[in-house]
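Visitor: Please take a close look at the charged side chains in this model, and follow them to wherever they lead.

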Amino acid sequence: MCAFMKNILTGLVLAAGFVAAPLAAETLPPPTGEVILSVTGDISVRNDGDSAVFDMDMLRGMGEVTFATTTPWTEGVQEFTGVSLHTLAERLGVASGSIKATAINDYAIDIPVTDAVEGGPILAYLQNGKPMSVRYNGPLWLVYPYDLNEAYRSEVIYSRSIWQLVRLDVVAD
Amino acid sequence: MVVLLAALTGILLCLLAIWFLVTNVQREINALAVANSDTTQWTLVQSEVDLLALLVAVQDADHAARPDLQDVRRRYDVLYSRVRLIQQSQQFVDLRTNPEVAQNVATFDAFLDRYTPLFDGPDSALEAAVPSLVGDLTGLRSTARDFSLQGIRFYAEDSDIKRERAAATLAKIGYLTLALVLALLVGVAILVALYRRSIRSERSEAEARNRLQEVIATSLDGIIATDSEGRVIEYNGAAERVFGYTRDEALGRDMADLVVPDHLRAAHVAGMTRYRTTRERRVVGKGLVRMEAKRKDGVVFPVELSLSSATFGGEEILVSFLRDISDRVASEQELILARDRAVAGERAKAELLAVMSHEMRTPLNGIMGSIELLQSSKMSPKHKTFLAAMKTSAGLLLHHVNGVLSMSRAEAGQLNLVVSEIDPAVLVQELVESQRHAIEANGNQIRSDASAAPARMWADALRLRQVILNLVGNANKFTRSGEILVECESIPDRGLVEFRVTDSGIGIAEENLERIFEEFRTLDTSYSRQAEGTGLGLAISRRLVQAMGGEIGVNSELGEGSLFWVRLPVGTPVQRDAATRTAAEAGSDHRAAPASAMRLLLVEDNQINRLIAREMLKRSGHHVVEAHDGREGVHLAGQQVFDAILMDISMPEMDGVEATRVIRGADGPNRATPIIALTAHALPEDSQRYLAAGIDAALVKPLNIAALLATLASVRGDAGLAATKTAVPFAELTESLDRQTAARLLAAFRGEAEDLVRRSVSAKWAELPVDVRADQVHKVAGSAAVLGASELHQVLKGLETAYRQDDAAGVAVGLERLARVWGTTRGAIDAWHAERQG
């Protein structure tokens with residue numbers, strides 16, 4: 001798909017997000033299990049003070065995306081399943097700006113919201129069908145479909161592929 | 001072209017190599033970038049950070065009253081994931097091959113193996129292990145440090161290698177680019193050269209084209225080029241002049257409409273179509289062909305056409321070269337006309353000569369006949385001498401006239417040779433004796449030698465005698481007090497007979513030897529003074545000899561004498577044919593039979609001839625009725641019956657042949673009377689014509705009494721006198737065969753002839769095809785000839801001819817005569833049988 005089409009699609013999706021946002025704000029329930037991801041910053045939907053927090057079930061309830069790919073950090077083809085960053089951003093009413101992602105070990109990286117597209121990165125919670133422990137880069141790993149899109153096989157994208165992800169902070173432009 | 005291809009190939013190869021190297025270097029640089037990436041370095045250093053973080057957490061726990069084990073566990077997990085990453089990540093594949101690194105990784109691994117069960121176990125156990133963990137982690141710090149440093153060193157070296165490799169590849173690319181540029185330069189140079197060459201060749205081509213155009217334009221022949229459809233694509237100035245169309249009018253039009261005449265157009269279109277479809281060439285490439293063409297104004301004129309084809313830019317074109325040959329054709333026709341006129345003039349001259357000779361013979365005939373009659377009357381000796389002189393002169397004149405006539409006949413191919421059996425020795429002897437008097441009168445001697453002559457030969461005796469007589473006469477003319485020798489000798493191995501006439505006269509110069517045989521040639525004035533003559537003698541002799549299949553020649557020494565020789569083929573035996581009877585033969589073969597009175601009708605327009613013939617016949621005791629022309633003859637023949645009719649052939653208005661036809665065709669008293677033609681010449685085709693008209697026999701003028709009477713006797717038929725003049729019928733048959741065979745043959749013939757005669761008057765006979773009837777008649781005629789029934793044979797021949805020529809009158813006459821003559825012949829056969837048996 002050419003970039004132009006991609007932009008148009010993104011635009012449409014974002015427009016839909018604006019429309020859905022007020023309704024979604026009221027329907028994000030509080031987490032019932034252990035919180036594994038908290039989102040702060042310029043988000044329009046929250047369920048915990050300034051944050052939107054998610055347990056595994058909430059993430060899993062947002063729609064699964066699965067793809068197989070190789071990565072520089074693993075051996076052989078891996079199958080990853082998770083929630084699309086695009087879906088998450090939409091859910092939280094995030095349309096622009098950048099997302100600062102932080103890991104358990106305080107590794108942090110800025111991800112532009114424009115990366116959050118359909119067919120783009122996912123917050124993977126399953127690797128080869130199994131939940132990932134911290135020792136295996138879990139519980140959440142932002143994975144891009146490297147093999148499906150050559151543009152994702154770059155050093156910048158590799159640096160954005162943050163594992164042991166625990167926090168997102170949305171910063172508006 | 002080859003050079004250009006090579007250059008292009010070089011350029012292509014350079015590009016390929018550069019492309020390969022560029023992708024290669026891209027990969028190298030990528031790899032370099034990956035190796036140098038911060039994440040890689042960061043991961044290595046982070047392993048030490050993670051270790052330290054765990055150590056801090058563990059130390060905190062060691063000092064705290066209530067240790068935060070969750071944090072310790074999380075730090076452990078992070079370190080665990082880090083080590084696992086180093087063990088598994090593709091980024092560190094190369095690094096892991098370093099033995100020191102591998103050693104350090106193994107140390108980490110061993111640490112994790114030892115503590116992982118503890119971390120996965122209950123808090124109490126973990127809490128208890130904290131002190132030892134502090135020690136181990138502290139010990140592991142140096143390992144982690146080494147590991148990071150090793151990694152940094154390794155990647156630095158690796159980067160160097162990769163950088164060098166990339167640099168080398170870049171250098172290669174540089175070289176190749178240089179090569180590419182060079183190849184491109186070479187290519188450009190070649191292209192420039194090619195461009196120049198094409199410019200040059202285009203220029204020379206243009207020049208050639210211009211020259212060709214010039215040639216075409218100035219060609220004297222019209223040139224029309226057409227495409228394969230026949231449309232004109234080139235048309236030059238000469239064509240404009242020849243055909244009247246301008247170039248602009250002609251271009252693009254169909255050649256067929258333009259110059260092909262209307263009557264040839266269909267053939268032209270068919271020819272073009274045939275050529276297009278089958279490529280069969282009839283005119284193309286066949287050189288000059290004469291044809292007709294049409295001008296703009298519609299005039300059709302003759303042209304000479306040469307058509308060739310050429311392939312021009314992949315398309316076949318036809319090029320016609322056309323030349324107006326009206327003038328040439330006109331002059332050719334003029335030439336033909338002139339030739340025809342000349343030939344016609346020549347023929348007219350020959351005809352005039354023949355007619356003149358012929359016309360001269362008629363009065364000569366009168367003179368000779370008168371002299372003959374005078375000689376038999378009483379007169380004084382003096383008058384007799386004059387008469388003899390007259391006769392000699394007239395004879396000489398007749399000889400000349402005959403010479404010219406023979407000449408013109410020979411020229412017209414009309415020599416009519418009558419071949420008969422000759423005894424050469426007798427011929428020579430007789431000839432010498434007949435000439436002895438004249439030769440001795442000239443003071444010469446003559447002798448002959450025929451001791452080596454063959455016993456028999458077959459030739460025209462008259463012509464042969466004429467030739468030798470001429471030679472002897474010449475010898476006598478040119479010899480004074482000398483000797484003339486006539487010899488005859490056989491040349492058996494070549495089948496020839498040689499006659500030689502040798503004299504001891506003045507001889508002939510060598511340069512004249514050939515000329516003496518040419519027409520109208522007397523050698524010089526002295527000869528012509530010495531000897532009179534037309535100069536035709538030797539020319540005629542040569543023609544006669546050649547006509548007889550022989551040759552004539554001369555050897556001579558001036559002053560010594562001459563030797564003329566004649567070589568003739570011995571010839572083949574011939575059977576005597578009763579139908580071709582000439583006056584001369586008749587004269588020599590028969591003595592005049594005793595005359596019995598006949599009633600004769602003489603039809604002759606020439607008064608002198610009529611007088612002579614009448615006198616001759618009257619003296620023989622015949623009764624003669626005269627008619628002055630053909631009409632009178634026909635009239636008289638219709639009134640009274642005659643025993644025979646003598647009919648002159650050449651008469652004005654109605655000639656003898658026509659008169660005979662009328663008499664035969666009319667229902668008069670003389671429709672079956674024998675008719676004897678009197679003619680100046682007897683050619684074979686004339687004989688046929690005479691027989692067809694119903695003439696029974698022919699006499700060649702001038703008349704002599706013996707021949708006239710003999711012929712009369714032979715045609716008399718059933719006039720009641722047969723017994724007296726005809727030899728005993730079938731005598732020869734009896735001589736050559738035994739009695740029984742002869743009788744059987746005659747009986748068979750009698751049946752055959754009787755059958756034919758009976759059938760010939762039946763109704764069925766008339767229905768048969770005319771050819772069949774002629775064939776049947778012919779068959780019986782053959783039998784009659786073999787058996788010696790000459791009169792019957794003659795009648796049958798006449799009938800056959802009439803059938804063949806579809807001459808109804810002739811057939812009627814022939815049938816009537818057949819019935820009559822068959823009656824006689826049948827009587828003779830029966831008499832023969834009676835006689836032999838009795």
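Guide: B:Arg671 is buried, because its relative accessible area is 19% and the cut-off for buried is under 20%. This is a predicted model. The side chain of B:Arg671 meets that of B:Asp667 in a salt bridge, with 3.5 Å from N to O. B:Asp667 is exposed, at a relative accessible area of 70%.

In helix H3 of chain B, residues 69-88, B:Asp71 and B:Arg74 lie 3 residues apart, about one turn of the helix. Their closest N and O atoms are 3.9 Å apart, and the limit for a salt bridge is 4 Å. Both partners are partly exposed: B:Asp71 has a relative accessible area of 21%, and B:Arg74 has 36%. Helix H25 of chain B, residues 739-760, holds B:Asp755 and B:Arg758, again 3 residues apart. Their side chains meet at 3.3 Å, N to O. Here B:Asp755 is partly exposed at 28%, whereas B:Arg758 counts as exposed at 52%. Over all chains, the structure holds 44 salt bridges.

Some charged residues are linked in a network. B:Glu487, B:Glu489, B:Glu498, B:Arg500, B:Glu551 and B:Arg567 are joined in this way by salt bridges.

E12(B) pairs on two sides of the account. With strand E10 of chain B, residues 496-503, E12(B) pairs in the antiparallel sense over 8 bridges; within that pairing, B:Thr502 has B:Leu563 of E12(B) as its bridge partner. With E11(B), E12(B) is joined by 7 bridges, and these strands also run antiparallel. E12(B) is largely enclosed by the rest of the structure, because 7 of its 9 residues are buried.

E11(B) and E12(B) form a hairpin with 3 residues between them, and B:Gly559 in the turn has a positive phi of about 90°. B:Glu560 lies in the loop between strand E11 (551-557) and strand E12 (561-569). B:Glu560 is exposed, with a relative accessible area of 58%. On the surface, B:Glu560 gathers with B:Glu510, B:Glu511 and B:Glu557 in a patch of negative charge.

Terms used. Residues numbered from 1 in each chain as written. Chains lettered and ligands numbered in written order. Predicted model: local features only at pLDDT ≥ 70, side-chain atom pairs only at ≥ 80, totals over all residues. Heavy atoms only, no water. Patch = residues over 30% accessible without salt bridge, like charges linked within 9 Å, V, L, I, M, F, W, Y side chains within 5 Å. Areas by Shrake-Rupley, 256 points an atom, 1.4 Å probe, with all protein chains shown as cover. Lys, Arg positive; Asp, Glu negative; His and termini not counted. Charge placed at Lys NZ, Arg CZ, Asp CG, Glu CD. Helix = DSSP H or I, 4+ residues; strand = E, 2+ residues; numbered from the N terminus. Buried < 20%, exposed > 50% of the residue type's maximum accessible area, 1.4 Å probe, protein only. Pairing = 2+ DSSP bridges.
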